[in-house]
Amino acid sequence: MKKYLLFHLLCISIFANAQITQNIRGTVVDKDTKNPLIGANIVVTSLDPIKGTTVDVFGNFIIKDIPVGRINLQISYIGYETQNLENLELSSGKEMILNIVLRESFELKEVVIKGEKDKSEAQNKMTSVSARTFSIEESMRYAGSLNDVARMAQNFAGVQGADDSRNDIIIRGNSPTGVLYRFEDIDIPNPNHFALNGTTGGPVSILNNNVLDNSDFMTGAFPAEYGNALAGVFDLKMRAGNNQKHEFLVQMGFNGLEFMAEGPINKEKFSSYLISYRYSTLGLFKLAGINFGTGTSVPDYQDLSIKLDFPNKKGKTSFWAIGGLSAVKFLDSEFTDDPNLFGEQGEDLIFNSNIGVAGLTNTYRFNEKSYLKTSLSIDGTFNEISNDTLNIYNNNYYPLYRNTSLEGKQSFNVVFNHKISTRHLLKMGVYNQRRYYNLKDSVHIRQDTIINPFDNQQIIIPDYWYNITNNDGATYFIQPFVQWQFRINEKLTLNSGIHSQYFMLNKTYAIEPRAGLKYQLNTKLSLAAAYGMHNQLPPNRLFFRQLTDNEGNTVLDSNGETYIPNRSLEMIRSNHFVIAVDYLISKKSRLKLETYYQLIDNAPVQNISSYYSVLNYGANFDLTFPDTLVNNGTGTNYGIELTLERFLDKGFYYLVTGSLYQSTYKGSDGIERNTAFNGNYTSNVLIGKEFKLSKNTTESKAINLLVLDGKFTLNGGQRYVPINIEESRSQGKTVYDFENAFVNQFDDYMRLDIKLGFKRNGKKTTQEWSVNLQNVTNRKNIFQQVYNESIQDIETKYQLGFLPNCSVQNIIFKKYKLFL
């Protein structure tokens with residue numbers, strides 16, 4: 001405990017100390033056409049007397065000198081639904097910038113929608129069920145989220161994490177690889193440090209929430225514009241920088257030491273820049289004696305985020321980029337008794353992972369009804385893995401595995417949006433991807449002697465490298481779509497569409513109908529139902545799996561070319577049905593119930609009788625697949641979800657979610673088994689309260705706020721494949737009992753997190769300190785079981801125990817330069 005206290009003392013900084021005020025600025029546009037709503041009214045209703053302004057000819061507004069703290073806004077325009085935004089946090093160190101969209105009403109009059117903006121709905125109004133918007137403040141507020149949007153999403157109904165060490169998310173029993181990350185309308189690869197190609201999670205996110213805007217999260221039957229995903233969608237937006245003032249941020253915490261700057265490029269043209277850089281601080285945590293699951297090894301990583309924004313009279317052009325570098329070494333010479341979830345005793349593992357994405361987006365408004373959005377991007381993910389093993393009998397190291405792989409794509413997307421009338425909205429487009437790859441990985445086979453079962457003669461297998469993949473080239477993946485929204489009347493809305501996919505590598509395609517119907521019975525109760533067919537390509541590496549004979553020679557086909565057994569694999573198909581009931585208990589709280597059924601077929605399974613299915617891929621870090629697969633597997637997910645939520649009001653909020661579900665699959669042996677992700681239930685309770693320590697008066701030198709948040713999670717235990725201990729001892733290596741795969745579970749997962757924060761608003765600077773206490777009870781949740789050859793027994797590895805971490809954030813509001 002002394003080590004933790006000494007570390008937290010490092011987080012203390014010295015800061016300098018009329019009523020403290022700040023400005024509110026932003027834009028107001030039509031939801032469907034993006035046209036500015038000139039003359040729209042914006043009023044701060046939490047002030048007495050109220051204070052407001054109107055939107056100018058460019059769609060911009062500014063309200064100056066508003067007292068800092070929680071504020072309420074009302075935005076109205078004749079012929080549009082009035083929107084109320086409540087409990088927004090206005091700080092002294094940063095102007096509040098809002099991009100507000102209003103929806104046209106059925107009648108030519110101002111329609112007042114009582115209460116705050118519905119947080120249960122997504123920003124994408126084409127969604128009918130299983131979707132919600134989330135603010136970046138929520139990702140910072142929730143205990144245990146570590147300023148990570150993926151970890152924050154684990155609090156929502158039907159969603160859970162894979163384990164403490166990574167931010168993979170399991171949605172309704174689906175593999176984490178079924179999640180689509182869309183960033184600025186571009187499908188991007190795994191946005192995490194230490195990420196493996198083909199997965200969607202990692203220990204630390206590259207997505208810095210300080211540069212993100214409010215975004216959407218969907219868990220099923222999503223609209224036709226999203227494809228190549230079975231489980232869910234993160235539709236993430238990057239905010240623009242402040243186009244009138246220069247602002248700076250310095251932050252240190254678990255995710256790194258961060259420097260961020262934003263401001264105008266040209267004030268008159270409203271252009272802006274935003275840039276953020278982070279570097280790993282885990283070395284400081286290690287010096288303080290805090291273990292985060294990597295033993296004595298210290299992961300090293302850094303990331304960069306950039307956005308340049310250039311608005312004009314007809315729309316906007318934006319350039320953006322995100323990227324990250326990460327590396328770690330787990331060496332047997334450094335192996336200790338400290339918890340290590342990734343390295344193994346008797347092994348040297350070196351892992352490097354780099355990712356980069358850059359895009360250029362242009363939005364052009366043709367008229368008051370239509371706009372065209374065009375996007376160009378390029379991305380790439382590079383993995384370099386070296387794994388050596390130690391012979392416990394002679395202490396010699398032997399090479400085991402090598403991987404040097406590059407995957408990426410160039411994308412060209414075109415989306416046309418046309419508002420036919422108040423009732424009809426049409427959206428269509430095509431997502432074009434040129435996917436390139438350079439995949440090289442192999443396993444070292446040491447010399448061995450086996451007995452031929454046919455003639456009982458000895459066969460000597462020489463020492464050689466077994467190539468798993470050795471391919472480079474490119475192919476195309478095309479996804480056209482069309483979707484239509486029909487507002488039948490003020491209470492009933494139909495969302496429908498068709499998404500299609502064509503994979504040029506093996507000429508496979510899919511046509512996917514989508515439909516959703518939402519009925520607003522009254523101001524408190526709504527009913528909704530939706531159906532979606534969704535197809536997803538199998539993991540990319542499967543298409544390039546090759547075979548090597550016992551002498552290390554590549555197996556050739558009848559034409560003398562490299563034999564690729566899985567090249568013709570088709571897409572995995574899912575039919576997803578959802579019914580939802582949403583009840584507004586009061587102005588500040590709601591109850592939501594959803595039930596779903598998901599039927600999956602065409603899942604790749606082994607071509608011989610086996611338990612194996614790609615539907616379990618992502619349950620561990622294994623990159624290997626069976627040699628030959630066929631599309632004969634099936635899966636079923638069904639369950640019921642409950643959400644009880646109180647939106648933040650008077651400094652208090654809570655979120656209670658629960659899910660009961662069943663997730664099963666069939667491999668080529670025809671036996672129905674639990675999937676690796678079938679925990680049967682998941683539940684979360686989050687609660688938080690803000691306490692004002694000082695008031696904002698004319699005598700105030702600073703406004704102080706104490707914040708307390710808590711989170712309790714209880715999930716069903718992780719499924720696993722048991723180890724056959726007798727065979728493992730006999731053969732001197734790990735032997736699994738695949739006949740009983742995923743029958744048993746580890747003990748239930750349970751964790752309590754507490755977050756204590758302190759905020760201080762000075763005249764031009766905002767400071768925030770927080771201490772996030774993870775797994776307060778030091779619960780020993782099982783991570784995995786492995787066979788330890790040195791002791792010839794099964795060894796249980798546990799997930800992270802009690803882990804405290806501190807975060808410090810300074811936001812400086814200056815006109816030209818940063819002073820520290």
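Keep in mind throughout that the model is predicted.

**The nonpolar cores**

Begin by selecting Phe134, Phe156, Tyr181, Phe183, Phe217, Phe234 and Leu236, which are the residues with the most contacts inside the largest nonpolar core, a group of 34 residues. At least two residues of this core come from each of α3 (149-153), β11, β12 (179-183), β16 (212-218), β17 (232-238), β22 (315-330) and β36 (652-666), and the largest share, 4 residues, is supplied by α3. In soluble globular proteins, nonpolar side chains tend to be buried together.

Stay in this region and centre the view on Phe183, which, leaving aside residues up to four places away in sequence, touches Ile188, Leu207, Leu212, Leu236, Met238, Trp320 and Ile322. Then move to a second, separate core of 30 residues, which you can find by selecting Met571, Tyr617, Phe677 and Phe742, as these are included in it.

Where β12 meets β13, the two strands run antiparallel and are joined by 2 bridges; to see one bridge pair, select Arg182 together with its partner in β13, Asp187.

**Salt bridges**

Select Lys94 and Glu247, whose side chains meet in a salt bridge at 2.8 Å, N to O. Lys94 sits in the loop between β6 (81-90) and β7 (96-102) while Glu247 belongs to strand β18 (residues 247-253), so this pair ties together parts that are 153 residues apart in sequence. Is Glu247 buried or exposed? With a relative accessibility of 2%, Glu247 counts as buried.

Next, select Arg751 and Asp164, where the salt bridge has an N to O distance of 3.1 Å. Here distant parts of the chain are linked, since Arg751 is in strand β40 (residues 749-761) and Asp164 is in the loop between β10 (159-161) and β11 (169-171), 587 residues apart. Arg751 is buried, with a relative accessible area of 12%, and Asp164, at 11% relative accessibility, also counts as buried.

Arg402 lies in strand β25 (residues 397-419) and Asp388 in strand β24 (residues 370-390), so the bridge ties together parts that are 14 residues apart in sequence. Arg402 counts as partly exposed at 29% relative accessibility, whereas Asp388 is buried at 19%.

To see salt bridges joined in a network, select Arg70, Glu89, Glu137, Arg141, Glu690 and Lys759.

**A nonpolar patch on the surface**

Finally, show the surface and select Tyr519, Leu527, Val581, Tyr583, Ile585, Leu591, Leu593, Ile640, Leu642 and Leu660, which form a nonpolar patch with about 790 Å² of accessible area together. Two or more of its residues come from each of β33 (572-586), β34 (589-606) and β35 (629-649), and β33 gives the largest share, 3 residues. One member to end on is Tyr519, placed in strand β31 (residues 508-520), which counts as partly exposed at 35% relative accessibility.

Technical notes:
Residues are numbered from 1 along each chain as its sequence is written. This is a predicted model: local features need pLDDT of at least 70, side-chain atom pairs count only at pLDDT 80 or more; totals for chains, interfaces and linings use all residues. Side-chain values use heavy atoms; hydrogens and water are left out. Patches are made of residues with over 30% relative accessible area and no salt bridge: like charges are joined within 9 Å, nonpolar side chains (Val, Leu, Ile, Met, Phe, Trp, Tyr) within 5 Å. Accessible areas come from the Shrake-Rupley method with a 1.4 Å probe; for residues, only the protein chains shown count as cover. A salt bridge is a side-chain nitrogen of Lys or Arg within 4 Å of a carboxyl oxygen of Asp or Glu. Buried means under 20% relative accessible area, exposed over 50%, partly exposed in between (1.4 Å probe, protein chains only). A nonpolar core is a set of buried Ala, Val, Leu, Ile, Met, Phe, Trp, Tyr and Cys residues joined through side-chain atoms within 4.5 Å. Contact means heavy atoms within 4.5 Å. Two strands pair if DSSP finds at least two bridges between them.
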